[in-house]
Amino acid sequence: MTRYVNGFFFTPVALGRVAAMRFLAGLFVWIEWWAYKPFIIQHRFLPEDLYQPLLVGRVLPIPAPNYWIVTGTLVVMLAAALPVMFGYRPRLFGWILFIAYFEWMLIYNSYGKVDHASFGFMVLLLVLCMMPDQARWGDRVHVSERVGWGFNLVQIAVVCTYFLSTWSKFRYGGFDWANSGVFTWAIIRRGTVFSDWLLDFPQLLIAAQWGMIAFELLTPLVLFVYPWKRIQYSIIAFFYVFHVGIFAALTISFLPHLFAMACFLPLERIDPKRFVRRVRSGRKGREGDPKPRDRDEPDPELTATG
Amino acid sequence: MPNVAAEPPLTRRGKLARIAATLAMTLALMETSLWGTDDFFPFAPFKMYSHAHDPDGWANSTSLILTDATGRSFPIGDNDTGFRRAELEGQLSRFREDPALLALVAEAYEDAHPGSPEIVAAEVRIVHYELKDGERTGAERTEIAAVWTEGPDAP
């Protein structure tokens with residue numbers, strides 16, 4: 001039992017995963033502002049009267065966003081993300097990134113609507129600041145209990161995003177949420193060609209609502225099966241498929257959540273340098289070969305799952 | 001055999017402190033899910049799509065429509081001003097009470113589109129669709145929740 005609890009929180013994780021997650025975190029920051037949430041930068045045009053500061057914004061001396069605060073936050077955030085991505089003093093720049101991203105989230109959420117997909121990602125940025133500077137891609141040799149704990153914290157945050165959203169459904173929607181017309185309402189508002197036809201089958205939508213509740217209540221299992229990595233990775237794969245489905249139906253993607261969730265996966269197996277070396281040597285070895293092998297053949301290290 | 005990174009093993013105290021931090025985060029999230037509000041961001045309740053919608057009621061869709069000096073009326077999207085539909089809905093009671101606030105959105109639109117004609121009017125339009133057993137009956141009703149027109153004394 002003690003061993004199981006100890007392993008739950010402190011199973012050592014290889015430093016290669018830290019390097020990979022730093023890259024993904026910075027990559028997401030670079031993608032989000034122009035491709036995923038372009039309205040955040042547009043908040044620079046909004047007059048102060050529409051700003052509705054959140055509790056943190058009122059307690060801390062954070063000024064109301066204006067043109068230059070929004071633009072400046074973006075510049076600092078993007079600039080700090082680059083060294084984090086490529087492992088140059090990633091702790092120092094990680095803190096700058098975390099603070100700038102937090103301010104960016106306040107700019108995002110302080111105009112009358114709070115979104116809920118970023119919690120896990122913010123936890124990820126925070127724990128990455130505390131992980132070793134010398135993390136390198138593909139490092140499966142050096143492992144750390146501290147890193148294991150940090151990623152476990154992110155994983156718990158990710159699972160809470162599912163599990164506790166059921167609590168919210170019961171709280172705001174009542175226990176009858178699953179029998180209500182919520183999916184119909186969602187599809188009317190944001191439906192796509194993949195989901196509009198469902199409006200003709202309300203019973204199916206009710207069934208899907210029950211399925212959603214069951215799915216979300218079961219998500220904590222993914223944490224508790226940690227000793228069985230294959231099962232854990234399969235569940236995570238299922239989560240990603242679930243999000244593909246939601247995206248097809250409603251164009252809602254929870255992208256930051258999906259990036260944070262990647263820390264469940266054994267990303268330390270990815271080593272871009274070795275991959276490049278292998279492609280290069282493969283190319284040399286093929287000279288004179290009349291029928292070259294497909295160069296895009298996936299690296300087994302990249303596709304291995306367990 | 002994997003090497004432990006150049007760091008001393010975690011002490012018992014270090015472990016307990018970390019477990020306490022994990023539990024604190026989890027409990028804060030749980031508490032806020034039950035009693036908190038969005039105001040506690042980042043510890044806001046995860047309430048995406050948590051409101052139940054009566055299968056025999058009305059579903060609505062809100063839009064913000066601007067009219068420019070050439071007389072053209074058009075709905076604006078989330079990226080036109082940065083003021084999203086959800087934010088408009090979040091602050092809808094303010095707009096109902098004081099439709100003049102729409103002037104601020106018009107101003108934001110003009111700032112974001114310096115080359116476009118001036119905005120002279122704005123309205124919040126809500127289309128309500130009737131549902132029966134979760135299906136649209138085809139009946140709908142349009143509500144104008146707030147209207148603003150640029151005053152005649154404006155330049």
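**Entry 1: a proline in a loop**

I started at B:Pro42, which I found in the loop between α1 and β2 (58-68) of chain B. For these labels, helices (H or I, at least four residues) and strands (E, at least two) are DSSP runs, numbered from the N terminus. The peptide bond that joins B:Phe41 and B:Pro42 is cis, with omega at about 5°.

Before going on, I noted that this is a predicted model, in which local features need pLDDT of at least 70, side-chain atom pairs count only at pLDDT 80 or more, and totals for chains, interfaces and linings use all residues. Residues are numbered from 1 along each chain as its sequence is written, while chains are lettered from A and ligands numbered from 1 in the order in which they are written.

**Entry 2: chain B as a whole**

I looked up the make-up of chain B and found five helices and five strands. Along the sequence I read the pattern β-α-β-β-α-α-α-α-β-β.

Next came the domains, whose bounds come from an automatic or database domain assignment. Chain B has domain 1 (12-45) and domain 2 (58-149). Their centres, taken over C-alpha atoms, are 38 Å apart.

I counted residues in contact, that is, with C-beta atoms, placed from the backbone, within 7 Å. Chain A puts 61 residues in contact with 57 residues of chain B. Several elements of chain A supply at least two residues each to this side, including α1 (2-10), α7 (119-129) and α10 (202-218). The element that gives the most is α8(A), with 16 residues.

I sorted the touching side of chain A by class and got 36 nonpolar, 16 polar and nine charged residues. Here Ala, Val, Leu, Ile, Met, Phe, Trp, Tyr, Cys and Pro count as nonpolar, Asp, Glu, Lys and Arg as charged, and the others, Gly among them, as polar.

**Entry 3: a helix pair across the chains**

I followed α8(A) to helix α1 (residues 12-35) of chain B: they pack at an angle of about 20°, with axes 9 Å apart. The axes are lines fitted to C-alpha atoms, for helices over the stretch in contact, and angles run from 0 to 180 degrees between N-to-C directions. That angle makes α8(A) roughly parallel to α1(B); angles under 35 degrees count as roughly parallel, over 145 as roughly antiparallel, 65 to 115 as roughly perpendicular and the rest as oblique.

The crossing of this pair, α8(A) and α1(B), is right-handed. A crossing is left-handed if the near helix is turned anticlockwise from the far one by less than a right angle, and right-handed if clockwise. Among the residues that meet are A:Trp149, A:Leu153 and A:Ile156 in α8(A), and B:Met25, B:Leu29 and B:Met30 in α1(B). I sorted the contact of α8(A) with α1(B) into eleven nonpolar, four polar and two charged residues.

**Entry 4: helices inside chain A**

I then turned to helix α2 (residues 15-36) and helix α5 (residues 67-85) of chain A, whose axes come within 8 Å and cross at roughly 150°. That makes α2(A) roughly antiparallel to α5(A). This crossing of α2(A) past α5(A) is left-handed. Residues in the contact include A:Trp30 and A:Trp33 of α2(A) and A:Leu78 of α5(A).

The axes of α5(A) and helix α6 (residues 90-109) of chain A also come within 8 Å, crossing at roughly 150°. In the loop between α5 and α6 of chain A I found A:Arg89, which has a positive phi of about 40° although it is not a glycine.

Terms used: Contact = placed C-beta atoms within 7 Å.
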